[in-house]
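Please read the points below alongside the model. They are arranged by region.

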Amino acid sequence: MESKALLIYLFFSVFFISISNAQSEMSTIALKGATIFDGNGKSIENGTIVIENNKISSVGANEMRIPENAQIIDVSGKYIMPGLIDAHMHFFQTGFFDSRPDAADLRDTIPLENVIEYQKNHPERYYQTYLRSGITGVYDVGDYIWTLEFQKINDDNPLAPHTASAGPLITPAPEELIGIFNVNGKNTFVHLGSEEQGRNAVIENSNAGTTGVKIWGFKPDDPEFLHKIKGVAEEIKNQNNKMIAHATNLKEAKMAMELGAKLLVHSVSDTLIDEEFLRLMKTNKTLYNPTIVVGRGYYNTYKALFEQNFEISDLNAVVDSKTRSMLQNASAFRKFLNDERAEALKSRLPMMDKRLKKEKQNMIANLKMVYDAGGTIVVGTDAGNPGTLHGISYYDEIEAMQQAGISAKDLIIMATKNGAMAMDRLEDFGTLESGKIADLIILEEDPSEDISNLRSISHVMRNGTLRNVKDAEDFKD
Ligand SMILES: [Zn+2]
């Protein structure tokens, strides 16, 4: 009991010290006694990690030299690993249908303009949810251009995760489908009407500083599309940017990689992958992001409109009240749906359930094949889509990946180092190494035994400041 009290005191004092130091002097902290997973696959039992200012200065055995001025924090019996990276999320999406009128149209009651404006002006509630879930970096792989601002300023905001954004997506989908998202004079999709239109979008995104250019949908059997997309792929290279791809069937995913895609943001789910896919993935060094749970999230949210409640598994109460109340009162929104449309949605649920089961089988089998072939895998949730909540859905996603037969030790690497690679930020964070930004998490249980032990998170350090994830007040300015 006494040592626990001391520990709590030390955490508190460190928090206190770093807050005052943020303004003036510099601080040195040594976390001593935990099992450390460095994100490169190495682990140190009874290790020590020294943080000077906001950077890691050394990682090593317990007996290594600790600077005299260091605040020593005893974390014996605990586990330390780099902060988690969600390599696939969307800031414009709320986790409910209000931001996805294409899935269930609530715009008569909640205008999309208002939703998007709110998302733009209030990302901080998600920042808190991400950090308190242990996620210190997020990659928004398709969004309105205003997310570029988050990319610029979040590095220096210790109360936000590092952010990368790909900006508006380029797609062959027709204007009548994507126009629904054009609000407040901005769009999240650019229609690929001509090669020139595509090249201009790439130039515009690249000039704005996007991390990647996302292509949403490929048409392998359309020669006209092929001509246009080749120009786009070439322009992406000219601009020194990289292609990321939404391509969920095998033929499309292969086409994307032939065009040079560096990140597949979803599993192949229509069928099993083949040797050619694996070869393309290796020669092209494409990262693979499975997003196993997002489809089921839609299903659960539809269900919540019509019958049962939406269950939120949120141990540390990190989900913001707005998100929580929308999902838990989902059935109240049912009356705002046009009756005919509502009935159609409801009657499609059993079919959807069947399709999702089949797709999940393929996704699990394909993930295992990519893993066995030595492909580079990242963890990304597609959070913001209905039913896939910012922050906490990460645990569901990585547990589903574990079910595919990936070892927890390797999942740690995928969740940290590989995610930072996807964001093009591995030089700065993603592993616990000297010189990197001090972003890490402290867990009560061993994540290398079972990845669901990520849920036992007690503290997160972002930019050198340690905070107690159970205490919301610790995450306010
Ligand atoms: Zn997505």
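A crossing of two helices is called left-handed if the near helix is turned anticlockwise from the far one by less than a right angle, and right-handed if clockwise. Helices (H or I, at least four residues) and strands (E, at least two) are DSSP runs, numbered from the N terminus. The model is predicted, so local features need pLDDT of at least 70 and side-chain atom pairs pLDDT 80 or more, while totals for chains, interfaces and linings use all residues. Residues are numbered from 1 along each chain as its sequence is written, and side-chain values use heavy atoms, with hydrogens and water left out.

1. Helix 13 and helix 14. The crossing of helix 13 (393-403) and helix 14 (residues 408-415) is right-handed. Their axes come within 10 Å and cross at roughly 135° (axes are lines fitted to C-alpha atoms, for helices over the stretch in contact, and angles run from 0 to 180 degrees between N-to-C directions). Helix 13 and helix 14 are therefore oblique to each other (angles under 35 degrees count as roughly parallel, over 145 as roughly antiparallel, 65 to 115 as roughly perpendicular and the rest as oblique). Tyr394, Ile398, Met401 and Gln402 of helix 13 make the contact with Ala408, Leu411, Met414 and Ala415 of helix 14, where contact means heavy atoms within 4.5 Å. By class, this contact has 7 nonpolar, 1 polar and no charged residues (Ala, Val, Leu, Ile, Met, Phe, Trp, Tyr, Cys and Pro count as nonpolar, Asp, Glu, Lys and Arg as charged, and the others, Gly among them, as polar).

2. Helix 6 and helix 7. Helix 6 (residues 195-208) packs against helix 7 (residues 223-238) at an angle of about 25°, with the axes 8 Å apart. That makes helix 6 roughly parallel to helix 7. The crossing is right-handed. The residues of this contact divide into 4 nonpolar, 4 polar and 5 charged.

3. Helix 8. Of the 9 residues of helix 8 (residues 250-258), 7 are buried, so the helix is largely enclosed by the rest of the structure (buried means under 20% relative accessible area, exposed over 50%, partly exposed in between, with a 1.4 Å probe and protein chains only). Its cover includes helix 7, strand 12 (243-246), strand 13 (263-264) and helix 9 (275-284). Gly260, with a positive phi near 100°, follows helix 8.

4. Zinc ion. The protein donors are His88 (NE2), His90 (NE2) and Asp382 (OD), 2.0 to 2.1 Å from the zinc ion (donors are N, O and S atoms within 2.8 Å of the metal, or 3.2 Å for Na, K and Ca; water is not among the atoms, so sites may look incomplete). His88 in strand 6 (residues 84-89) and Asp382 in the loop between strand 15 (376-377) and helix 13 are 294 residues apart, and both are buried.
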